[in-house]
2 protein chains.
Amino acid sequence: MASVPSPDRVVAALDLGGTKTAGALVGGDGELLVRAERPTAAEGDAEAVFAGIAGVLDELARHPEWARIGALGVASAGPVDTAAGTVGPVNIPAWRGFPLVRRIAERVPAPVRLLGDGVAVAEAEHWLGAAAEYRNVLCMVVSTGVGGGLVLDGLVHPGPTGNAGHIGHVSIQWDGEPCPCGGRGCLEGLASGPAIVRHARTAGWRPPGGCSATARTVADSARSGDGAALAAFDLAARALAAAIAGAAALVELQAVVIGGGVAQSGSLLFDPLTHHLTQYTGLPFTRGLRLHPAHFGTDAGLIGAAAVALRSS
Amino acid sequence: MASVPSPDRVVAALDLGGTKTAGALVGGDGELLVRAERPTAAEGDAEAVFAGIAGVLDELARHPEWARIGALGVASAGPVDTAAGTVGPVNIPAWRGFPLVRRIAERVPAPVRLLGDGVAVAEAEHWLGAAAEYRNVLCMVVSTGVGGGLVLDGLVHPGPTGNAGHIGHVSIQWDGEPCPCGGRGCLEGLASGPAIVRHARTAGWRPPGGCSATARTVADSARSGDGAALAAFDLAARALAAAIAGAAALVELQAVVIGGGVAQSGSLLFDPLTHHLTQYTGLPFTRGLRLHPAHFGTDAGLIGAAAVALRSS
């Protein structure tokens, strides 16, 4: 980050996802001073979803440091529109163009800053994580979906409406399966957790008795040497390599940082990914691309939201 | 461009391609005051290639305005390394890590600035062409190869070594044909002029008697209603649409500007491209992407090199 915030400052951070809404008061050094959490009523009406945020804000407001916050950053599942201050998360149907910034601002005595969840991960990793030493880096989340955020020329690049970094909807198979986004052969459909399960099933894998079919179960089978499960991770890794190499050709990257549930499979994903990246990054300026596991786990959204709040307060 | 250069200034510009080396003295308003050109001895040894540049520089140096130049910008076929001042154009085998900036600087009484040819097109179009009104735009050249340059947040984004914008080597078919770059299914192999000829041949097209098989001949056949020729342009347009939509998802673009020989086919390319872009850009923040033909033709490299020289003088 361009400027190092002083550690005695305090901001508030929210991270709104399809499953839960997390909030925190965060110090200028990135320390979470207090944390609150509510389930997200993702299938409820617009006000039911907002009630979770209100509950988190009420809980944070009871902390003595609340009065001192310089700003509040809110990371939201996308797409977002940071210019308009609205959000329309894919997995929260009742929110389309929901005026999240205005609604939060009514309850918070400080400026409110909105960012997408992929951009938040880039903010977090670039401030205090695995991307800190790089000026040009793509930070990715590979989980139920595939998302990300870009750091270019030493600064997080949110784009005009805060949605840059959506690598999950880069097509790596132009004539492939239709994607809900309207495109075809998007990375998300080939490398997400559900995609890994699908690859494994196609190769003959079945979840062990009593287990549900998730990327984690596939990972367990792969660790036991199951060929179909290993092939599924290899396929996802190759898809990721193709998309990452394309991103490196397009914007010139020095490194890529990968987090999220699927990335927690560790070497099951990173070993084949390293192999395939070597194949796809053959241009002189992409050849040296570095690969790192993310530093932050589930707190990345809060830390990233705090980074933006600190910069604007 | 951030600042408008004053029209009474003069810079020198070079554009080094695999076929010819062009040079000019350029006024602060972008007017070419004098122009010189030599064939590029692309298959010759390193010094034979440089002799073409030396000839162009000698010719420019005879002009009375030469003594006033504030800087020289040189656009080169890529890849380049602007940090090192070296170039290694794919189609000039004798130049690998050739110290182009140092060699030119020995002959020029002013600072020398190197940029890639795709970045040069973005500089030209953003300064005085079709990209002038946009802050986030991809400028492309679709010709024997496919290249480009990016404008992000109102500034041309060359990347750390000057190679950002290489959209021709974005993979849109991760399991497709091997590309000389090391990847597979790169856009260049599906949408360049030679690719269009290949698509047409595969669909049964043959060049009219006595004609050579080029994208221009395919275009002539398509204008006469030849189904295979029309299908070839449609295929290339669809490949372009997939890659452009992916770029828009990754960096958030407001527009794409397309020039180069294939783009001169006009509606043969732009009509199907508009159609396919509508399919692939389904995300809320990619949906409004605008498409424009380039303003500059063969002078784009010189104008772009002049833009950089003017900014640094």
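This is a predicted model: local features need pLDDT of at least 70, side-chain atom pairs count only at pLDDT 80 or more; totals for chains, interfaces and linings use all residues.
Biologist: Which class of residue supplies 10 members to the contact of helix 3 with helix 9 of chain B?
Modeller: On the side of helix 3 of chain B the meeting residues include B:Ala120, B:Val121 and B:Trp127, while helix 9 of chain B brings residues including B:Ile303, B:Gly304 and B:Val308. Sorted by class, this contact has 2 charged residues, 2 polar residues and 10 that are nonpolar.

Biologist: Where in strand 4 of chain B do the side chains point, and are its residues buried or exposed?
Modeller: From strand 4 of chain B, B:Leu72, B:Val74 and B:Ser76 point one way, whereas B:Gly73 and B:Ala75 point the other way. Strand 4 of chain B (residues 72–76) is mostly covered, with 5 of its 5 residues counted as buried.

Biologist: Which strands are joined to strand 4 of chain B by 5 bridges?
Modeller: Strand 1 (residues 10–16) of chain B runs parallel to strand 4 of chain B and is joined to it by 5 bridges, with B:Ala12 having B:Leu72 as its bridge partner. Strand 7 (residues 112–116) of chain B also runs parallel to strand 4 of chain B, again with 5 bridges, and there the bridge partner of B:Leu72 is B:Val112. The strands asked for are therefore strand 1 and strand 7 of chain B.

Biologist: Why does B:Leu72 count as buried?
Modeller: B:Leu72 lies in strand 4 of chain B, and, leaving aside residues up to four places away in sequence, it touches residues including B:Val11, B:Ile104, B:Val108 and B:Ala309. A residue is buried if 20 or more other C-beta atoms lie within 10 Å of its own, and B:Leu72 counts as buried because its C-beta neighbours inside 10 Å number 30.

Biologist: Turning to chain A, which strands are the edge strands of the open sheet of 5 strands?
Modeller: The order of this open sheet in chain A is 3-2-1-4-7, and its pairing is mixed. Within the sheet, strand 1 (residues 10–16) and strand 2 (residues 20–27) of chain A pair in the antiparallel sense over 7 bridges, and A:Ala13 stands opposite A:Ala24. The strands that each pair on one side only, and are the edge strands, are strand 3 and strand 7 of chain A.

Biologist: Which helix of chain A lies across strand 1, strand 2 and strand 3, running at about 150 degrees to strand 3?
Modeller: Helix 9 (residues 300–311) of chain A packs on the sheet, but its direction makes about 135 degrees with that of strand 1 of chain A. The helix that lies across strand 1, strand 2 and strand 3, at about 150 degrees to strand 3 of chain A, is helix 1.

Biologist: Is A:Thr40 buried or exposed?
Modeller: A:Thr40 lies in the loop between strand 3 (32–39) and helix 1 (46–61) of chain A, and among the residues it touches are A:Gly18, A:Lys20 and A:Val49. Since 20 or more other C-beta atoms within 10 Å are needed, and A:Thr40 has 23, the residue is buried.

Biologist: Which element gives the most to the side of domain 1 of chain A that touches domain 2?
Modeller: The domain assignment of chain A gives domain 1 (10–122 + 299–311) and domain 2 (134–293), with 27 Å between their centres, taken over C-alpha atoms. At their contact, 15 residues of domain 1 meet 16 residues of domain 2 of chain A. With 5 residues, the element of domain 1 that gives the most is helix 3 of chain A.

Biologist: How many residues does helix 7 of chain A give to the side that touches chain B?
Modeller: The contact between the chains takes 40 residues from chain A and 41 residues from chain B. The side of chain A divides into 21 nonpolar, 16 polar and 3 charged residues. Helix 7 of chain A gives the most to that side, and its share is 9 residues.

Note on methods: Residues are numbered from 1 along each chain as its sequence is written. Chains are lettered from A and ligands numbered from 1 in the order in which they are written. Two residues are in contact if their C-beta atoms, placed from the backbone, lie within 7 Å. Helices (H or I, at least four residues) and strands (E, at least two) are DSSP runs, numbered from the N terminus. Ala, Val, Leu, Ile, Met, Phe, Trp, Tyr, Cys and Pro count as nonpolar, Asp, Glu, Lys and Arg as charged, and the others, Gly among them, as polar. A residue is buried if 20 or more other C-beta atoms lie within 10 Å of its own, exposed if 12 or fewer, and partly exposed in between; C-beta atoms are placed from the backbone. Two strands pair if DSSP finds at least two bridges between them. Axes are lines fitted to C-alpha atoms, for helices over the stretch in contact, and angles run from 0 to 180 degrees between N-to-C directions. Domain bounds come from an automatic or database domain assignment.
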